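This report walks through a few parts of one structure for a reader who has not seen it before. The sequence and the structure come first.

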Amino acid sequence: MCLTVKAALSSRKVGKMGGRSEASTNPSHLLQRIRGFTLVLIEDLCKGRTSLVSIDRYRTHCKLIGPGDKCSCNSDMTDGREIISMEKESHANRLDVLLRVLLITQKLLLEGKHASKRDIYYMHPSIFIDQANVDRAISDTCILLHCSRHNLNVVSAGKGLVMGCLRFKESNRMFNCIRRPSVAYPVPVYVEEVKHIMGFARYILVVEKETVFQRLANDKFCEMNRCIVITGRGYPDVPTRRFLRLLIDELSLPVYCLVDCDPFGFDILLTYRFGSMQMAYDAKLLRIPEIRWLGIFSSDAEAIGLPRRCLLPLTHRDKKKAEALLQRCYLHQQVPHWRLEIEKMLQREVKFEIEALSVFSISMLSEEHLPAKIQEGRHL
Ligand SMILES: [Zn+2]
């Protein structure tokens, strides 16, 4: 006889996803759910039954290929489920990793301590084998327990940077960026412990790359424009997106995003706006629907007269990537005007980087291009 652990969990009145906000994420309730989950597995093992663990899959979008296609996303974005059975050897290993991760998170919650995904990997490297296995087990745990990763006291080593006209407290430590607005501060990892955010900024600018962030720092962009600049250094991690979400909620400021004019820059913009597929189960807490796309647009190349030598041809990989992006349902439904920009890039068959603006003058981006665009409302 088979028993699904998920069903057993449900019978213990664990809120279903979609009603996830109703499921409590306080440590004592999470600990209760961990115990409930493992108890069912142990009971099955003792009685010689095969446990099946059912894990919902989530997504942020579906694919629309033809013009008549209909979006098949449902309100809670679940995308079927994965069944893990102890009878398969590969699944048994996966369950082993999952149970060890559950045990570690249980300990973290009981002791009120935090650990990074990397710390967890080093607790059993010979069994976990690869960091990716730990990452997947942590995601699975979040889905099974209906919570976010930070609720489990698991943090990722932050890679984001912030500077500008703001001040905040993180676990009793004051970060006073206002005193030196052109100095980069790491984005706090324990975002839930960030308090007393203050600032007199007019807006928040998100930039894709660290090189551009440094350019703006050198040019004292935040002092000149009374703003906050943040970067996730490529694809943004969870702390960067959560911190950005918090800044917007607390300071009620408009937020702009500057990315390269290429399919990867555009995908990074989409990650800020709609969340990433890997963290789709948590997209609701991580996305930034208010974000405005400030460029760089393919039309900017002509508008500013960028020389041909600054434009790079789109590679086969770029084209494939852009075409795949164009199929995402949210681009059709929520930001069709963004979609048009990607189509223009594909038609022109060229891409270029933000730094290409330095061809005219090293500070053209910070002294002319960005202030003019923001002042004139040239964003999408
Ligand atoms: Zn859809």
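## A buried threonine, a zinc site and a sheet

At a relative accessibility of 7%, Thr60 is under the 20% cut-off, so Thr60 counts as buried. The model is predicted.

Thr60 sits in the loop that connects strand 2 (50-58) and strand 3 (78-85). Leaving aside residues up to four places away in sequence, Thr60 touches Met77, Phe274, Gly275, Ser276, Met277, Ala280, Ala283 and Tyr330. Its side chain also makes a polar contact with the side chain of His61, at 2.9 Å. Between Thr60 and Asp79 there are 9.5 Å in space, C-alpha to C-alpha, and the two are 19 residues apart in sequence.

The loop between strand 2 and strand 3 also holds Cys62, which is one of the protein donors of the zinc ion. What geometry does the site of the zinc ion have? The angles among its four donor atoms are 104 to 114°, and the site is tetrahedral. For comparison, the ideal angle for four tetrahedral donors is 109.5 degrees.

Along the chain, the donors of the zinc ion follow the spacing C-x8-C-x1-C-x255-C.

| Residue | Relative accessible area | Class |
|---|---|---|
| Thr60 | 7% | buried |
| Cys62 | 6% | buried |
| Cys329 | 2% | buried |

Another part of the model is an open sheet of six strands, with mixed pairing and the order 9-6-12-11-13-14. Strand 9 (185-186) and strand 14 (292-295) stand at the edges; each has a single partner strand, so one side of each is left without a neighbour in the sheet. In general, strands of a sheet pair through backbone hydrogen bonds, either parallel or antiparallel. Strand 9 and strand 6 (residues 161-164) run antiparallel and are joined by two bridges. Within strand 9, Pro186 is the bridge partner of Leu161.

Which helix packs on the sheet? Helix 7 (residues 210-218) does, touching strand 6, strand 11 (203-207), strand 12 (227-231) and strand 13 (255-258). The direction of helix 7 makes about 20° with that of strand 6.

Conventions. Residues numbered from 1 in each chain as written. Predicted model: local features only at pLDDT ≥ 70, side-chain atom pairs only at ≥ 80, totals over all residues. Heavy atoms only, no water. Pairing = 2+ DSSP bridges. Helix = DSSP H or I, 4+ residues; strand = E, 2+ residues; numbered from the N terminus. Contact = heavy atoms within 4.5 Å. Axes fitted to C-alpha atoms, helices over the stretch in contact; angles between N-to-C directions. Buried < 20%, exposed > 50% of the residue type's maximum accessible area, 1.4 Å probe, protein only. Polar contact = N/O pair within 3.5 Å; in protein donor to acceptor, adjacent residues only side chain to side chain. Donors = N, O, S within 2.8 Å, 3.2 Å for Na, K, Ca; no water. Tetrahedral: all angles 85-135°; square planar, octahedral: opposite > 155°, others 65-115°.
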